[in-house]
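Work through the exercises below with the structure open. Try each task before reading its solution.

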Amino acid sequence: MPKAYSYDLRKKVIEAIIEGGMKKSEVSQLFKISRNTIDLWLKRKAETGDYIALPNQQAR
């Protein structure tokens with residue numbers, strides 16, 4: 001299973017959008033991550049107040 005993105009990277013991405021005023025597409029290209037990933041992080045921040053990675057849940 002792939003590793004989660006670091007909290008530091010998540011913070012930089014979110015700050016670039018919220019504080020830096022960059023578009024999601026620009027940030028996506030700059031940090032080489034998908035727009036969907038950015039959308040998920042922004043949604044998580046709106047719902048929980050943070051964008052920390054969820055614990056890895058493996059199916060049994």
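## Exercise 1: Two helices in contact

In this predicted model, Arg10, Val13, Ile14, Ile17 and Ile18 of H1 are in contact with Ile38, Trp41, Leu42, Arg44 and Lys45 of H3.

Task: Which classes of residue make up the contact of H1 with H3, and how do the axes of H1 and H3 cross?

Solution. 
- Step 1. Sort the contact residues by class. The contact of H1 with H3 holds 7 nonpolar and 3 charged residues, and no polar ones.
- Step 2. Two packed helices are described by the angle and the distance between their axes.
- Step 3. Read off both values. The axes of H1 and H3 come within 11 Å and cross at roughly 85°.
- Step 4. Name the arrangement. Angles of 65 to 115 degrees count as roughly perpendicular, so H1 is roughly perpendicular to H3.

## Exercise 2: The overall chain

Task: How many helices and strands are in the chain, and what percentage of its residues count as buried?

Solution. 
- Step 1. Count the elements. The chain has 3 helices and 0 strands.
- Step 2. Write the order. Along the sequence the pattern is α-α-α.
- Step 3. Get the dimensions. Along the principal axes, the C-alpha atoms fill a box of roughly 40 × 25 × 20 Å.
- Step 4. Check burial. The chain has 60 residues, and 23% of them count as buried.
- Step 5. Check the range of contacts. Take contacts between residues at least 6 apart in sequence; 43% of these join residues at least 24 apart.

## Exercise 3: The nonpolar core

Task: Which residues form the largest nonpolar core, and which helix supplies the largest share of this core?

Solution. 
- Step 1. In soluble globular proteins, nonpolar side chains tend to be buried together.
- Step 2. List the members. The largest nonpolar core has 10 residues: Leu9, Val13, Ile14, Ala16, Ile17, Val27, Ile33, Ile38, Trp41 and Tyr51.
- Step 3. Assign them to helices. H1 and H3 each give at least two residues to this core. The largest share, 5 residues, comes from H1.
- Step 4. Follow one member. Beyond its neighbours within four places in sequence, tryptophan 41 is in contact with Tyr5, Arg10, Val13, Ile14, Ile33 and Tyr51.

## Exercise 4: Arginine 10 and serine 28

Task: Is arginine 10 buried or exposed? Is serine 28 buried or exposed?

Solution. 
- Step 1. Apply the cut-off. Buried means under 20% relative accessible area. Arginine 10 has 5%, so it is buried.
- Step 2. List what surrounds arginine 10. Leaving out residues up to four places away in sequence, arginine 10 touches Ala4, Tyr5, Trp41, Arg44, Tyr51, Ile52 and Ala53.
- Step 3. Arginine 10 and methionine 22 are 12 residues apart in sequence, and their C-alpha atoms are 15 Å apart in space.
- Step 4. Turn to serine 28. Serine 28 is in helix H2. Its relative accessibility is 12%, so serine 28 counts as buried.
- Step 5. List its contacts. Not counting residues up to four places away in sequence, serine 28 touches Ile33, Ser34, Arg35 and Ile38.

## Exercise 5: Salt bridges

Task: How many salt bridges does the structure hold, and which parts of the chain does the pair of lysine 24 and aspartate 39 link?

Solution. 
- Step 1. Side chains of opposite charge can pair when their charged atoms come close.
- Step 2. Count. The structure holds 2 salt bridges.
- Step 3. Take one pair. Lysine 12 and aspartate 8 meet at 3.3 Å, N to O. Both lie in helix H1 (residues 7–18), 4 residues apart, about one turn of the helix.
- Step 4. Lysine 12 is partly exposed at 43%, and aspartate 8 is partly exposed at 45%.
- Step 5. Take the other pair. Lysine 24 and aspartate 39 meet at 2.8 Å, N to O. This pair links distant parts of the chain, 15 residues apart: lysine 24 is in helix H2 (residues 24–31), and aspartate 39 is in helix H3 (residues 35–48).
- Step 6. Lysine 24 is partly exposed at 28%, and aspartate 39 is partly exposed at 30%.

## Exercise 6: A positive phi

Task: Where is lysine 32 found, and what is its phi?

Solution. 
- Step 1. Locate the residue. Lysine 32 is in the loop between H2 and H3.
- Step 2. Read the angle. Phi of lysine 32 is near 60°, a positive value in a residue other than glycine.
- Step 3. Most residues other than glycine have a negative phi.
- Step 4. Exposed means over 50%. Lysine 32 has 70% relative accessibility, so it counts as exposed.

Terms used. Residues numbered from 1 in each chain as written. Predicted model: local features only at pLDDT ≥ 70, side-chain atom pairs only at ≥ 80, totals over all residues. Heavy atoms only, no water. Salt bridge = Lys/Arg side-chain N within 4 Å of Asp/Glu carboxyl O. Buried < 20%, exposed > 50% of the residue type's maximum accessible area, 1.4 Å probe, protein only. Axes fitted to C-alpha atoms, helices over the stretch in contact; angles between N-to-C directions. Parallel < 35°, antiparallel > 145°, perpendicular 65-115°, else oblique. Contact = heavy atoms within 4.5 Å. Nonpolar A, V, L, I, M, F, W, Y, C, P; charged D, E, K, R; others polar. Core = buried A, V, L, I, M, F, W, Y, C linked by side-chain atoms within 4.5 Å.
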